[in-house]
Amino acid sequence: MTTFNKYTLYSLLLLVISLSACKKNFDPVITGVLSPDNFPRTEADFNLYTLQAYKPFGSKWGYNDVAYQNMFFSPEYGHLAMFDLSTDLFNTFSEWGGFWEFFSRANFTFLWTQDKTSHFEKVRYVTGMTQVLKDIATSSISEEAKNRFSAEARMGRGMAMYYLLHMYGPLPVILDPEKINTEAEKDLTRLSREAFVASIESDLQFAADHLVQSPTEYGRFNKGLAMGYLMRLYLNEKNWQRAEAVGREMMGMGYALVDDYASLFREGTERNNETIYAISVDPTAPTSGNFGGNFNAYAMYCLPGDFQSTKISGGWANPNGVFCPTWQFYDSFDPADKRRTLMVPSYTAKDGRERNRSNMRGPVLKKYPDESSPGADVQGNDIPLLRYADVLLMLAEAINQQQGPTAEAFNLVNEVRAKHAGLGPLSSDLNQAQLNDAILQERAWDLYLEGVRKMDLIRHGKWVSSLKEVGKIPSGELFPVPQYALDVSGGTLTQTTGY
């Protein structure tokens with residue numbers, strides 16, 4: 001199986017891309033000069049043209065599009081900074097100031113003055129996918145190919161809108177291709193939540209219906225990814241019945257939990273029956289420029305500068321890592337929980353000093369071990385976006401919310417505890433509310449540093465209370481829309497509630 005490391009097309013006009021071969025990369029090849037008169041026409045053309053769908057979903061520093069843009073999964077201003085660092089699981093990080101400190105404090109007000117580097121600009125990506133879908137629909141390629149390429153474009157559009165919903169709430173997006181390049185583009189009125197969510201649902205459902213479960217090129221969108229995000233959408237919208245239905249379907253797709261939790265995040269065992277979709281990264285890929293490859297830099301953000309690790313002689317931050325779990329979170333684990341072993345509570349620093357609770361903000365997080373070659377800074381551990389454990393815990397929550405507590409809901413949680421933690425079952429005396437709390441806690445223990453905690457807390461109504469317990473005062477659940485967007489809207493775009 002080849003690997004598809006999301007190299008995307010930033011302009012399809014007058015563009016020449018040459019082939020480069022890397023161990024874990026699949027690169028598109030276009031030869032000759034392209035123009036609207038000769039591209040895209042053939043199925044091979046559309047195979048490359050549709051790669052635009054992957055543009056915001058890599059793990060690179062970013063890309064240029066109107067202005068410099070971080071990706072949804074960039075090491076900086078990506079999903080872990082926005083949806084994990086800002087929560088009760090991680091300490092405030094003030095050493096670098098700026099957005100790192102603001103996100104770690106869950107103070108999003110600074111985004112009000114952000115320029116076009118804002119993720120708000122990804123509404124343009126949504127428009128782009130709407131145009132791609134029209135071009136596919138009006139082409140002369142086969143219906144099978146149209147469905148296949150449309151599924152990738154709709155997966156990208158649906159996933160982008162899913163994240164934008166959790167950043168800003170419903171936004172003005174163009175879903176009708178006839179409105180592109182017309183006066184309608186000036187209307188920045190937000191869609192209703194109902195309409196915005198319905199569009200995400202429709203896109204993800206189409207993707208689930210037409211994507212294959214195991215693409216030939218590892219790293220392309222797949223059926224399980226579409227279904228998992230559809231399940232997340234239903235769960236966060238508290239549509240428990242539909243979330244349950246999707247979860248039950250996914251239980252029959254052949255996924256299974258691994259016995260060794262740590263192996264999920266190691267390069268040598270990153271492909272397994274539990275990881276449904278991961279960002280494919282390469283430790284040897286270039287890390288600069290639009291056509292650089294995806295990489296995993298999280299060890300550099302997690303390790304303190306004085307921590308001698310396997311390949312890395314200290315991370316980028318001092319005296320603690322950027323992603324530094326709280327002692328409260330560390331202590332919440334059962335001491336026998338195998339998942340806690342990925343946090344280091346004490347160590348001997350490079351200068352010989354002993355570091356422990358007396359002089360550490362929190363334990364050192366080593367969820368992504370530095371074992372790659374060459375391994376000087378970036379690593380080759382693929383970055384999971386969706387795992388089967390997440391699906392089982394979502395299913396348990398959906399069942400419990402409707403009928404709980406039930407034996408089936410308990411069993412689903414206990415399966416994750418047994419396989420990943422090496423722990424016994426939950427107490428069977430829990431009532432529905434207590435089981436709901438237990439599921440939320442289990443999700444924290446299993447999915448920390450995977451970009452879902454903020455959504456989980458908001459869904460459970462514990463966003464504010466949980467942050468206050470660790471000394472954080474959140475500015476709001478969502479992000480403010482940048483002022484420049486409000487200014488150009490002529491009054492049609494409203495600010496996010498609470499700002």
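1. Ground rules. Residues are numbered from 1 along each chain as its sequence is written, and side-chain values use heavy atoms, without hydrogens and water. In this predicted model local features need pLDDT of at least 70, side-chain atom pairs count only at pLDDT 80 or more, and totals for chains, interfaces and linings use all residues.

2. Helices α5 and α6. Helix α5 covers residues 143-168 and helix α6 covers residues 193-210. Helices here are DSSP runs (H or I, at least four residues), strands likewise (E, at least two), numbered from the N terminus. The two helices pack at about 145°, with axes 8 Å apart. Axes are lines fitted to C-alpha atoms, for helices over the stretch in contact, and angles run from 0 to 180 degrees between N-to-C directions.

3. Their contact. Contact means heavy atoms within 4.5 Å. Residues including R154, M155 and Y162 of α5 meet residues including F196, L204 and A207 of α6. The contact divides into 12 nonpolar, six polar and four charged residues. Nonpolar covers Ala, Val, Leu, Ile, Met, Phe, Trp, Tyr, Cys and Pro; charged covers Asp, Glu, Lys and Arg; the others, Gly among them, are polar.

4. The core. The largest nonpolar core has 149 residues. Such a core is a set of buried Ala, Val, Leu, Ile, Met, Phe, Trp, Tyr and Cys residues joined through side-chain atoms within 4.5 Å. Buried means under 20% relative accessible area, exposed over 50%, partly exposed in between (1.4 Å probe, protein chains only). M155 is among the members that touch the most others. Leaving aside neighbours within four places in sequence, M155 contacts L204, A207, L211, F221, L225, A226 and Y229.

5. A153. This residue also sits in α5. A153 is buried, at 0% relative accessible area. Beyond four places in sequence, A153 contacts T50, A53, M129, V132 and L133.

6. Strand β5. All five residues of β5 (275-279) are buried, so the strand is largely enclosed by the rest of the structure. β5 pairs with β10 (383-387) in the antiparallel sense over four bridges; pairing needs at least two DSSP bridges. A278 has P384 as its bridge partner in β10.

7. Backbone points. A cis peptide bond joins N318 and P319, with omega about 0°. The bond from G404 to P405 is cis too, with omega near -5°. N181 has a positive phi, near 65°, and is exposed at 70%. L449 has phi near 60°, but is buried at 2%.
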